[in-house]
Amino acid sequence: MTRLTGTTDDERAELKEEIKGELRHEARKRKLWSCLGCSMLSLILVGVPTYILVASMAKTGFFKIPGFAGYYKSSEPVRALVPLAGAKTSDLSAMLALKAKYDPHSGTIKLPLNEVDLTTLLSQAVASPNAQSSLPIKDIQIAIEPEYVEVFADIERQGGLSAVRFRFLPIIRNGVLDLDAKEVVLGSLTLPEGMARGLVTFAGKGLLDAIRTGISEVGAIEEIALESKMLRVTLKPSKR
(Lines give C-alpha, C1' and ligand atoms only; values in the text may rest on other atoms or scores of the structure.)
Protein backbone atom coordinates (compact mmCIF):
# COMPACT_ATOMS: atom_id res chain seq x y z
CA MET A 1 0.00 0.00 0.00
CA THR A 2 2.85 2.28 0.92
CA ARG A 3 4.58 1.51 -2.39
CA LEU A 4 1.43 2.23 -4.34
CA THR A 5 0.99 5.54 -2.54
CA GLY A 6 4.61 6.44 -3.19
CA THR A 7 4.22 5.67 -6.85
CA THR A 8 1.14 7.89 -7.04
CA ASP A 9 2.99 10.74 -5.39
CA ASP A 10 5.85 10.40 -7.88
CA GLU A 11 3.44 10.46 -10.78
CA ARG A 12 1.74 13.55 -9.38
CA ALA A 13 5.07 15.30 -8.95
CA GLU A 14 6.09 14.37 -12.48
CA LEU A 15 2.73 15.57 -13.80
CA LYS A 16 3.14 18.87 -11.95
CA GLU A 17 6.60 19.35 -13.48
CA GLU A 18 5.23 18.61 -16.93
CA ILE A 19 2.42 21.15 -16.40
CA LYS A 20 4.91 23.74 -15.12
CA GLY A 21 7.12 23.07 -18.14
CA GLU A 22 4.19 23.52 -20.50
CA LEU A 23 3.21 26.75 -18.76
CA ARG A 24 6.78 28.07 -18.97
CA HIS A 25 6.91 27.10 -22.66
CA GLU A 26 3.60 28.84 -23.34
CA ALA A 27 4.77 31.90 -21.42
CA ARG A 28 7.96 32.05 -23.50
CA LYS A 29 5.90 31.73 -26.70
CA ARG A 30 3.56 34.52 -25.61
CA LYS A 31 6.53 36.69 -24.69
CA LEU A 32 8.16 35.99 -28.05
CA TRP A 33 5.00 36.81 -29.97
CA SER A 34 4.51 39.90 -27.85
CA CYS A 35 8.04 41.08 -28.67
CA LEU A 36 7.49 40.35 -32.36
CA GLY A 37 4.19 42.24 -32.25
CA CYS A 38 5.84 45.24 -30.58
CA SER A 39 8.63 45.17 -33.16
CA MET A 40 6.13 45.05 -36.03
CA LEU A 41 4.07 47.85 -34.49
CA SER A 42 7.21 49.97 -34.01
CA LEU A 43 8.22 49.28 -37.60
CA ILE A 44 4.79 50.37 -38.83
CA LEU A 45 4.56 53.46 -36.60
CA VAL A 46 8.12 54.63 -37.30
CA GLY A 47 9.15 52.97 -40.55
CA VAL A 48 6.11 53.78 -42.66
CA PRO A 49 6.03 57.53 -41.87
CA THR A 50 9.80 57.68 -42.38
CA TYR A 51 9.46 55.97 -45.76
CA ILE A 52 6.67 58.35 -46.79
CA LEU A 53 8.75 61.37 -45.71
CA VAL A 54 11.89 60.21 -47.52
CA ALA A 55 9.90 59.29 -50.66
CA SER A 56 8.19 62.70 -50.60
CA MET A 57 11.55 64.47 -50.29
CA ALA A 58 12.87 62.42 -53.23
CA LYS A 59 9.83 63.33 -55.34
CA THR A 60 10.64 67.05 -55.09
CA GLY A 61 13.99 66.54 -56.80
CA PHE A 62 15.70 68.88 -54.31
CA PHE A 63 17.15 66.01 -52.29
CA LYS A 64 19.47 63.34 -53.64
CA ILE A 65 18.62 60.18 -51.66
CA PRO A 66 20.27 56.82 -52.49
CA GLY A 67 17.74 54.26 -53.63
CA PHE A 68 15.02 56.86 -54.30
CA ALA A 69 16.36 58.45 -57.50
CA GLY A 70 13.50 57.02 -59.57
CA TYR A 71 10.88 58.82 -57.50
CA TYR A 72 11.56 62.23 -59.09
CA LYS A 73 9.62 63.08 -62.20
CA SER A 74 9.45 66.62 -63.50
CA SER A 75 6.06 68.30 -63.56
CA GLU A 76 5.09 69.94 -66.85
CA PRO A 77 3.75 73.41 -67.65
CA VAL A 78 0.43 73.82 -69.40
CA ARG A 79 2.51 74.99 -72.40
CA ALA A 80 6.10 76.09 -73.05
CA LEU A 81 6.90 79.81 -73.37
CA VAL A 82 10.06 81.84 -73.91
CA PRO A 83 10.73 85.52 -73.09
CA LEU A 84 11.33 88.10 -75.78
CA ALA A 85 14.97 87.88 -76.83
CA GLY A 86 17.03 91.00 -76.22
CA ALA A 87 14.16 92.99 -74.71
CA LYS A 88 15.16 95.63 -72.16
CA THR A 89 13.11 96.79 -69.21
CA SER A 90 12.76 100.25 -70.74
CA ASP A 91 11.52 98.73 -74.02
CA LEU A 92 8.94 96.67 -72.18
CA SER A 93 7.76 99.63 -70.15
CA ALA A 94 7.26 101.65 -73.34
CA MET A 95 5.46 98.75 -75.00
CA LEU A 96 3.12 98.29 -72.05
CA ALA A 97 2.44 102.01 -71.93
CA LEU A 98 1.28 101.85 -75.56
CA LYS A 99 -1.01 98.94 -74.74
CA ALA A 100 -2.70 100.78 -71.89
CA LYS A 101 -5.96 102.44 -72.94
CA TYR A 102 -7.81 105.10 -70.97
CA ASP A 103 -11.59 104.79 -70.79
CA PRO A 104 -13.04 108.29 -70.19
CA HIS A 105 -16.52 106.90 -69.42
CA SER A 106 -15.37 104.82 -66.47
CA GLY A 107 -12.27 106.87 -65.70
CA THR A 108 -10.14 103.70 -65.72
CA ILE A 109 -7.10 102.40 -67.54
CA LYS A 110 -7.37 99.01 -69.20
CA LEU A 111 -4.12 97.10 -69.71
CA PRO A 112 -4.01 93.78 -71.60
CA LEU A 113 -1.00 91.57 -70.82
CA ASN A 114 -0.20 88.42 -72.76
CA GLU A 115 1.88 85.47 -71.62
CA VAL A 116 5.02 86.54 -73.45
CA ASP A 117 4.89 90.03 -71.89
CA LEU A 118 4.55 88.57 -68.41
CA THR A 119 7.16 85.87 -69.00
CA THR A 120 9.65 88.49 -70.17
CA LEU A 121 8.91 90.78 -67.21
CA LEU A 122 9.24 87.96 -64.70
CA SER A 123 12.43 86.60 -66.31
CA GLN A 124 14.01 90.04 -66.11
CA ALA A 125 12.87 90.50 -62.52
CA VAL A 126 14.42 87.16 -61.51
CA ALA A 127 17.67 87.93 -63.34
CA SER A 128 17.94 91.40 -61.82
CA PRO A 129 20.72 91.97 -59.25
CA ASN A 130 18.04 93.39 -56.97
CA ALA A 131 15.92 90.24 -57.13
CA GLN A 132 14.70 89.20 -53.68
CA SER A 133 14.58 85.51 -54.51
CA SER A 134 17.56 83.46 -53.32
CA LEU A 135 16.61 80.44 -55.44
CA PRO A 136 18.97 79.58 -58.33
CA ILE A 137 16.26 79.89 -61.00
CA LYS A 138 17.42 78.88 -64.48
CA ASP A 139 14.20 79.41 -66.45
CA ILE A 140 10.81 80.81 -65.53
CA GLN A 141 7.58 81.47 -67.40
CA ILE A 142 3.95 82.51 -66.90
CA ALA A 143 0.97 80.90 -68.63
CA ILE A 144 -2.61 82.10 -68.31
CA GLU A 145 -5.81 80.09 -68.35
CA PRO A 146 -9.32 81.30 -67.50
CA GLU A 147 -9.19 79.32 -64.24
CA TYR A 148 -5.67 80.18 -63.06
CA VAL A 149 -2.29 81.79 -63.67
CA GLU A 150 0.60 79.32 -63.82
CA VAL A 151 4.20 80.11 -62.93
CA PHE A 152 6.60 77.34 -63.94
CA ALA A 153 10.31 77.40 -63.10
CA ASP A 154 13.37 75.17 -63.38
CA ILE A 155 15.53 75.41 -60.26
CA GLU A 156 19.20 74.51 -60.51
CA ARG A 157 20.35 71.85 -58.08
CA GLN A 158 23.33 69.55 -57.72
CA GLY A 159 23.23 67.13 -60.61
CA GLY A 160 20.42 68.70 -62.59
CA LEU A 161 17.22 70.73 -62.45
CA SER A 162 14.09 70.52 -60.33
CA ALA A 163 10.78 71.80 -61.66
CA VAL A 164 8.35 73.91 -59.65
CA ARG A 165 4.78 74.59 -60.79
CA PHE A 166 2.63 77.14 -59.02
CA ARG A 167 -0.97 77.83 -60.02
CA PHE A 168 -2.93 80.64 -58.43
CA LEU A 169 -5.82 83.02 -58.89
CA PRO A 170 -5.05 86.75 -58.57
CA ILE A 171 -7.70 88.42 -56.46
CA ILE A 172 -8.41 91.91 -55.18
CA ARG A 173 -8.94 91.84 -51.43
CA ASN A 174 -9.94 95.18 -49.85
CA GLY A 175 -8.41 97.00 -52.80
CA VAL A 176 -5.09 95.13 -52.48
CA LEU A 177 -3.69 92.53 -54.89
CA ASP A 178 -3.40 89.07 -53.34
CA LEU A 179 -2.93 85.48 -54.50
CA ASP A 180 -5.23 82.53 -53.90
CA ALA A 181 -3.10 79.38 -54.26
CA LYS A 182 -4.67 76.61 -56.33
CA GLU A 183 -1.76 74.20 -56.69
CA VAL A 184 1.92 73.95 -55.80
CA VAL A 185 3.92 71.05 -57.26
CA LEU A 186 7.59 70.48 -56.38
CA GLY A 187 8.94 67.99 -58.89
CA SER A 188 6.19 65.38 -58.83
CA LEU A 189 5.06 66.13 -55.26
CA THR A 190 1.78 68.03 -54.97
CA LEU A 191 1.71 69.90 -51.68
CA PRO A 192 -1.37 69.75 -49.42
CA GLU A 193 -3.55 72.85 -49.67
CA GLY A 194 -2.58 74.32 -46.29
CA MET A 195 1.14 73.84 -46.93
CA ALA A 196 0.78 75.28 -50.44
CA ARG A 197 -0.88 78.42 -49.11
CA GLY A 198 1.83 78.84 -46.48
CA LEU A 199 4.60 78.42 -49.04
CA VAL A 200 2.95 80.93 -51.39
CA THR A 201 2.62 83.45 -48.57
CA PHE A 202 6.27 82.99 -47.61
CA ALA A 203 7.88 82.73 -51.05
CA GLY A 204 5.65 85.21 -52.88
CA LYS A 205 5.77 88.04 -50.38
CA GLY A 206 8.73 89.83 -51.98
CA LEU A 207 7.28 89.58 -55.48
CA LEU A 208 3.83 90.69 -54.33
CA ASP A 209 5.23 93.67 -52.44
CA ALA A 210 7.21 94.74 -55.53
CA ILE A 211 4.11 94.46 -57.75
CA ARG A 212 1.97 96.36 -55.25
CA THR A 213 4.56 99.14 -55.00
CA GLY A 214 4.84 99.43 -58.78
CA ILE A 215 1.08 99.46 -59.26
CA SER A 216 0.50 102.05 -56.53
CA GLU A 217 2.52 104.56 -58.57
CA VAL A 218 0.03 104.20 -61.42
CA GLY A 219 -3.21 103.61 -59.59
CA ALA A 220 -5.32 101.03 -57.81
CA ILE A 221 -6.33 97.72 -59.39
CA GLU A 222 -10.09 97.42 -59.71
CA GLU A 223 -10.31 94.18 -61.62
CA ILE A 224 -8.20 91.36 -63.06
CA ALA A 225 -9.83 89.24 -65.76
CA LEU A 226 -8.28 85.99 -66.98
CA GLU A 227 -8.63 84.68 -70.50
CA SER A 228 -6.76 82.01 -72.40
CA LYS A 229 -3.20 83.34 -72.87
CA MET A 230 -4.27 86.84 -71.77
CA LEU A 231 -4.68 88.82 -68.57
CA ARG A 232 -6.63 92.09 -68.52
CA VAL A 233 -6.08 94.58 -65.73
CA THR A 234 -8.39 97.49 -64.95
CA LEU A 235 -6.74 100.32 -63.02
CA LYS A 236 -8.11 103.45 -61.38
CA PRO A 237 -5.47 106.15 -62.01
CA SER A 238 -3.91 107.80 -59.01
CA LYS A 239 -4.83 111.45 -58.50
CA ARG A 240 -1.78 113.63 -58.99
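Buried means under 20% relative accessible area, exposed over 50%, and partly exposed in between (1.4 Å probe, protein chains only). This is a predicted model, so local features need pLDDT of at least 70 and side-chain atom pairs pLDDT 80 or more, while totals for chains, interfaces and linings use all residues. Residues are numbered from 1 along each chain as its sequence is written, and side-chain values use heavy atoms, leaving out hydrogens and water.

Q: Is E227 buried, partly exposed or exposed?
A: E227 forms a salt bridge (a side-chain nitrogen of Lys or Arg within 4 Å of a carboxyl oxygen of Asp or Glu) with R232, whose closest N and O atoms lie 2.8 Å from those of E227. R232 has 38% relative accessibility and therefore counts as partly exposed. E227 has 32% relative accessibility, so its class is partly exposed.

Q: Which residue in β9 is the bridge partner of P112?
A: Strands are DSSP runs of E with at least two residues, and helices runs of H or I with at least four, numbered from the N terminus. Two strands pair if DSSP finds at least two bridges between them, and β2 (residues 108–114) and β9 (residues 230–237) run antiparallel with six bridges. Within β9, P112 is paired with R232.

Q: Which strands stand at the edges of the open sheet of four strands?
A: Let's walk across the sheet: its order is β1-β2-β9-β8, with antiparallel pairing. Two strands each have a single partner, so one side of each is left without a neighbour in the sheet: they are β1 (101–103) and β8 (219–227).

Q: In the sheet of five strands, what does I142 stand opposite in β4?
A: This open sheet runs β3-β4-β5-β6-β7, again with antiparallel pairing. Here β3 and β4 form a hairpin with two residues between them, and eight bridges join the two strands. Along this pairing, Q141 has F152 as its bridge partner. For I142, the residue opposite is V151.

Q: How many residues apart are E145 and R79?
A: These two form a salt bridge with closest N and O atoms 2.7 Å apart. E145 is buried because its relative accessible area is 15%. The pair links distant parts of the chain, strand β3 and the loop between α1 (2–60) and α2 (89–99), and the separation is 66 residues.

Q: Which residues are linked with E150 in a network of salt bridges?
A: E150 in strand β4 and R167 in strand β5 (residues 160–173) are 17 residues apart, yet their side chains meet at 2.9 Å, N to O. Both E150 and R167 are buried. The network links E150 with R165, R167 and E183.
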